[in-house]
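Please keep the sequence and the 3D view at hand while reading.

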Amino acid sequence: MPDVLLPGITATRVPTARLVQNVLHPDGTDPAGPGEAVLFVHGNVSSALFWQQTVLAVHDTGRYRVLAVDLRGYGDTDPLPVDARRGVGDWADDLGALLDALGLERVHLVGWSMGAGVVLRHLLDAPGRVASVTLVAPVSPYGFGGTAGAEGRRLADDGAGSGGGAANPEFVAAIAAGDTTDASATSPRSILRAYYVAPGSLPLDPALEDVFVASMLSTRTGEDNYPGGAVPSDTWPGTAPGPRGVLNTMAPTVFDVSGVVDLPAKPPVLWIRGDADAIVSDTSVFDLAFLGQLGAVPGWPGAEACPPQPMVTQTRAVLDRYAASGGAYREVVLPGVGHSPHVERPQEFVVALLEHLDAPAAEPAGLT
């Protein structure tokens, strides 16, 4: 991947017990070498390439060994199928296998969007290996779509309104076709500009934008990967999650990481997000229930039967319970920022991250 790696970044494919995983790291850094490690986990329709600026900035402090991994089905990691019946368990287990291969007994985990869900699932599975957690514009602890209320109440037993059927088929086709243009509103470049960052939040450097588009286009498509399959449902909007593929891993039938509140030992958590995030929001434009409320998806049965998912509210409710039961978290809200704080405000993001790594939250606090 030499054409998409920033100066100072090296890619190493690491064999593990589960699959070969691609890891980005600073030049001259041994991924299996000594030092306190920070591991960055990307979100959906992206790869570790989105973390490069952050990796370099944290490395420059000289205090941490910094790594960013491509999840299966993205980047240059093996494109193995994703078993959605396990929620995000495949990716969480892959992380564990990577830590084993690199000899990492404990690690600071940073997860963006879907990757934050993977981080929380790994925390549930192996809490002793997690030194701290950073959630960047995280998916709700109850998944994406098909739930209501701060408590994540499931709207339908089959998870209707979530899963692979919620994807825009034109966007999926554009990824599969390798579309690098902005000719269509559903091309990866157009989606990057409109939703990954807040419109007008910053002018992306054209070369860096090309890297991000290449990252998005590394997404493998199909029923086993993105977006995954769907099954018909008798409940509006008529689609429910299938057993395979990416979006089905975040269906409320299989995804619930709110159990972190019950862990006996709780690592400190940083929650950092933008207040203009259109993807993870209490009014997400990718939530079929909210789109139904707007009239963009016909037949919406109304707010009582199918309210929009309050994603940010759900995250705050779980983190408040986490703090009330012995944990600690700090919330940082960046004004005018969308779904990618580390891209839109790289310096502010790194400052907040380093503060968290160096002096973790002792009690919940909201910062704006």
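How do the residues of the lining of the largest cavity divide into nonpolar, polar and charged? The count is nine nonpolar residues, one polar residue and no charged ones. The model described here is a predicted one.

## The cavity

One cavity of 30 Å³ or more is present in the structure, and this largest cavity holds about 60 Å³ of space. Its lining consists of Leu 120, Leu 123, Leu 135, Pro 141, Val 260, Val 269, Thr 315, Val 318, Leu 319 and Tyr 322. Two or more lining residues come from each of the helices α3 (114-125) and α8 (311-324). The largest share, four residues, belongs to α8.

## The largest pocket

The volume of the largest pocket is about 710 Å³. A total of 29 residues line the pocket, and those nearest its centre are Phe 144, Ala 166, Tyr 226, Ile 279 and Phe 286.

Helices α5 (188-196) and α7 (288-294) each contribute at least two residues to the pocket lining. The greatest contribution is that of α5, with three residues. By class, the lining of the pocket comprises 23 nonpolar and six polar residues, and no charged residues.

## The nonpolar cores

The largest nonpolar core contains 100 residues. Within this core, the residues that touch the most other members are Leu 39, Phe 40, Trp 51, Trp 91, Tyr 196 and Tyr 226.

Which residues is Trp 51 in contact with, leaving aside its neighbours within four places in sequence? They are Phe 40, Val 41, His 42, Ala 68, Val 110, Trp 112, Val 136, His 342 and Phe 349.

Arg 273 is located in strand β13, which spans residues 269-274. Arg 273 counts as buried because its relative accessibility is 15%, and buried means under 20%. A polar contact of 3.0 Å links the side chain of Arg 273 to the side chain of Glu 331. When residues up to four places away in sequence are not counted, Arg 273 touches Ala 137, Val 312, Arg 316, Glu 331, Val 332, Val 333, Leu 334 and Pro 341.

Ser 132 is located in strand β6, covering residues 130-136. With a relative accessibility of 2%, Ser 132 also counts as buried. Its side chain and that of His 108 are joined by a polar contact of 2.7 Å. Apart from neighbours within four places in sequence, the contacts of Ser 132 are Val 107, His 108, Leu 109, Pro 267, Pro 268, His 356 and Leu 357.

## An exposed loop residue

Is Ala 296 buried or exposed? Ala 296 is exposed because its relative accessible area is 54%, and exposed means over 50%. The residue belongs to the loop between α7 and α8.

A distance of 51 Å separates the C-alpha atom of Ala 296 from that of Gly 33. Along the chain, Ala 296 and Gly 33 are 263 residues apart.

Terms used: Residues numbered from 1 in each chain as written. Predicted model: local features only at pLDDT ≥ 70, side-chain atom pairs only at ≥ 80, totals over all residues. Heavy atoms only, no water. Core = buried A, V, L, I, M, F, W, Y, C linked by side-chain atoms within 4.5 Å. Buried < 20%, exposed > 50% of the residue type's maximum accessible area, 1.4 Å probe, protein only. Contact = heavy atoms within 4.5 Å. Polar contact = N/O pair within 3.5 Å; in protein donor to acceptor, adjacent residues only side chain to side chain. 1 Å grid on protein atoms, 1.4 Å probe; cavity = no way out; pocket = protein on both sides within 12 Å on 5 of 7 lines; lining within 4 Å. Points joined across faces, edges and corners; volume = space filled by probe spheres on them. Nonpolar A, V, L, I, M, F, W, Y, C, P; charged D, E, K, R; others polar.
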